Amino acid sequence: MAGNWIKYSIKYAISHVLYALGVLQLWQVIALRRRAVVLMYHRVLTSEERTKTGSHPGIVVDRETFASQMAVLKRRFRVLSIDEYTARMESLTPFDDSSCLITFDDGWRDNFTHAMPILKYYGLSAVVFLPVNFIGGRRLFWQEQLTHLVYQAVMEARNEPQRREQFCESLSAVHLDSLLDLRDRDPRPAIIEAVREQKGLAASVIDGSMVALANALRLRSDEIEGTDGFLDWEQVESMSRQGIAFGGHGAEHRLLTLVSTTEARDEIRKAKDVIDSHLQERVLTFSYPNGNWSQGVVNLVKESGYRIAFTTQPGHVCCKDDRFTMRRVNISEDMTSSTPMFMARIVGLF
């Protein structure tokens, strides 16, 4: 923990010195000459909501930070719509210097409540990638759902120690039973990190553990949505009318390299079909869930009628790059909380 804080402090100091000297601004001019940077956001939360979310900090930006970042983009970059961006890529037309595309993965409700008003204020466009089976419902991604369940179990085990063994049995299958011994005043950060490490477990094991834990807690899945809900279709349609574009992000947000070809094809096609049915304009863009892609998955995306697709691999983009493996720069609060840190992230320093 101390080591992470030291690394962060060094990066913070370096970025602020370079910004004050004008080095980052010059770096932007050089690095983004006739190139674009695609920014990858997920969630925009208030300071209070950040203390309650089950999402990992690596996908969260504070609302005030987001507003500051949009002001920087408005002032120093040419922010493109997804149509403009796609047209440049398809025609092999070089980007204007310091071009930028704003993207959001997952379709969280806060994209509407917090991000949308700020984008509208600055007159900026963006594209939001939707896992369609989660839109308009109360289901959560398993990471957030499991985090909330474990948090509830930890707190109840503290208040009722005799129930610890019951929770321990439910958590042992996902190797999280040791979390019941946490004594942190707020155990949520430690739980989030531990849950993140379970990505390699089979979905059936994770689902079974969550069902058992929810039963032990006497909770229904729709009782733990809280801060971590997704957009509904009315909100999607409202955002579309205000200039926000939407793209596919699968149906169940499954990692497309870890499922069968048939299942991957269904995930990719259903996302397009469902969004097309709700919006006036056809969906032409796709984002690979978790950034997982292979040439086989790329071929399925092409077959399904998409014209461009995005990964999570970092870097800048030129017009001659492969349209179906577009690079993006992830933006999160911990690495971009100040303008110098934001600029350092964009140019690729950190």
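Which residue in strand 7 is the bridge partner of L130? The points below take this up along with the neighbouring elements.

1. This is a predicted model: local features need pLDDT of at least 70, side-chain atom pairs count only at pLDDT 80 or more, and totals for chains, interfaces and linings use all residues. Residues are numbered from 1 along each chain as its sequence is written, and side-chain values use heavy atoms, with hydrogens and water left out.

2. The bridge partner of L130 is G248 in strand 7. Strands 6 and 7 pair in the parallel sense over four bridges; strands are DSSP runs of E with at least two residues, helices runs of H or I with at least four, both numbered from the N terminus. Two strands pair if DSSP finds at least two bridges between them.

3. Strand 6 (residues 127-130) also pairs with strand 5 (residues 99-105), in the parallel sense over three bridges. T103 stands opposite V127 in strand 6. Between strands 5 and 6 the chain passes through helix 6 (residues 110-122), a right-handed β-α-β crossover (clockwise from the first strand over the helix to the second, with the strands pointing away from the viewer).

4. In a regular strand the side chains alternate between the two faces of the sheet. From strand 6, V127 and F129 point one way and V128 and L130 the other. All are buried (under 20% relative accessible area, 1.4 Å probe, protein chains only).

How values were computed. Buried means under 20% relative accessible area, exposed over 50%, partly exposed in between (1.4 Å probe, protein chains only).
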